[in-house]
Amino acid sequence: DMTDSADTVGINSLVNGLVGYWKFDEGSGLTALNSSGNSTGTLTNMVATTSWTTSTPSVSFSDPYAIKFGGPSQYVSIPGGGGLNAASTGTIAMWVKWIGTQDAGNSGNGHIIGRQKDATFSNDIIGLNGSNPATAKVQWFPYSTAAAITGLTSVGDGTWRHIAVTFASGNHRLYVDGVQDGNSSTTARTSIIRSIPSLPPFRFQ
């Protein structure tokens, strides 16, 4: 299981220039609106009422709801690449709480985001290097199923963490709770995505 909640501080200023900003504050239904005005997410294999939770990070701004995922069959599908399609540089950030044993994917465990290349999700993956969040560290897979970064901090079982990745070919940085937790000089070309979904909880199609 895992729970995700978007950062809502300074909404008016933060939305400017963003290609994707899913707050997950709807509280019910099967739609996750994009506050940046681009692609709306669809909750898939989930329940319009019980897939939402009021368990959210302890922050100083309004964050009433989060989405909880119960396994690899549950995900939020984002069409059009979610703004990551062929993006050579950028930043991905989110609040995440990993709970209990994490399912394995094609790259590590407990994926919280994945962008599709060809027939599998193998680009822009953020996940863990093990099934137990009490000891697992965050991993970043920008271009393939080989991790560019494996962090140093165990995320903890049932602990809210703010995860952020800044990426560019030759310059990747991972942050956990605002502190740099790893970096990489991995270089490659960002691919165009295809259209077959595979990984939870965010599937950028």
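**Labels and the values behind them**

Q: Why is F24 called buried?
A: F24 has a relative accessible area of 3%, and buried means under 20%, so F24 counts as buried. This is a predicted model, by the way.

Q: Where does F24 sit, and what is its phi?
A: F24 is in the loop between helix 1 (11-14) and strand 2 (31-32). Its phi is near 55°, a positive value in a residue other than glycine. Most residues other than glycine have a negative phi.

Q: What makes R161 buried or exposed?
A: The relative accessible area of R161 is 17%. The cut-off for buried is under 20%, so R161 goes down as buried. It lies in strand 12 (residues 160-168).

Q: How do you know that the side chains of R161 and D177 are joined by a polar contact?
A: The distance for that pair is 2.8 Å, and a polar contact needs N or O atoms within 3.5 Å. So the R161 and D177 side chains meet that cut-off.

Q: Which residues does R161 touch, leaving out those up to four places away in sequence?
A: They are M94, W95, V96, T153, S154, V155, V176 and D177.

Q: Why is D177 called partly exposed?
A: D177 comes out at a relative accessible area of 35%. Buried would be under 20% and exposed over 50%, so D177 is partly exposed. D177 lies in the loop between strand 13 (172-176) and strand 14 (179-184), and has a positive phi of about 55° although it is not a glycine.

Q: What makes A48 partly exposed?
A: Its relative accessible area is 29%. A48 belongs to the loop between strand 3 (41-44) and strand 4 (52-53).

Q: Which residues is A48 in contact with, leaving aside neighbours within four places in sequence?
A: S28, G29 and L30. A48 and S28 are 20 residues apart in sequence, yet 5.3 Å apart in space, C-alpha to C-alpha.

Conventions:
Residues are numbered from 1 along each chain as its sequence is written. This is a predicted model: local features need pLDDT of at least 70, side-chain atom pairs count only at pLDDT 80 or more; totals for chains, interfaces and linings use all residues. Side-chain values use heavy atoms; hydrogens and water are left out. Helices (H or I, at least four residues) and strands (E, at least two) are DSSP runs, numbered from the N terminus. Buried means under 20% relative accessible area, exposed over 50%, partly exposed in between (1.4 Å probe, protein chains only). Contact means heavy atoms within 4.5 Å. A polar contact is a pair of N or O atoms within 3.5 Å; within protein, one must be able to donate a hydrogen and the other to accept it, and residues adjacent in sequence count only if both atoms are side-chain atoms.
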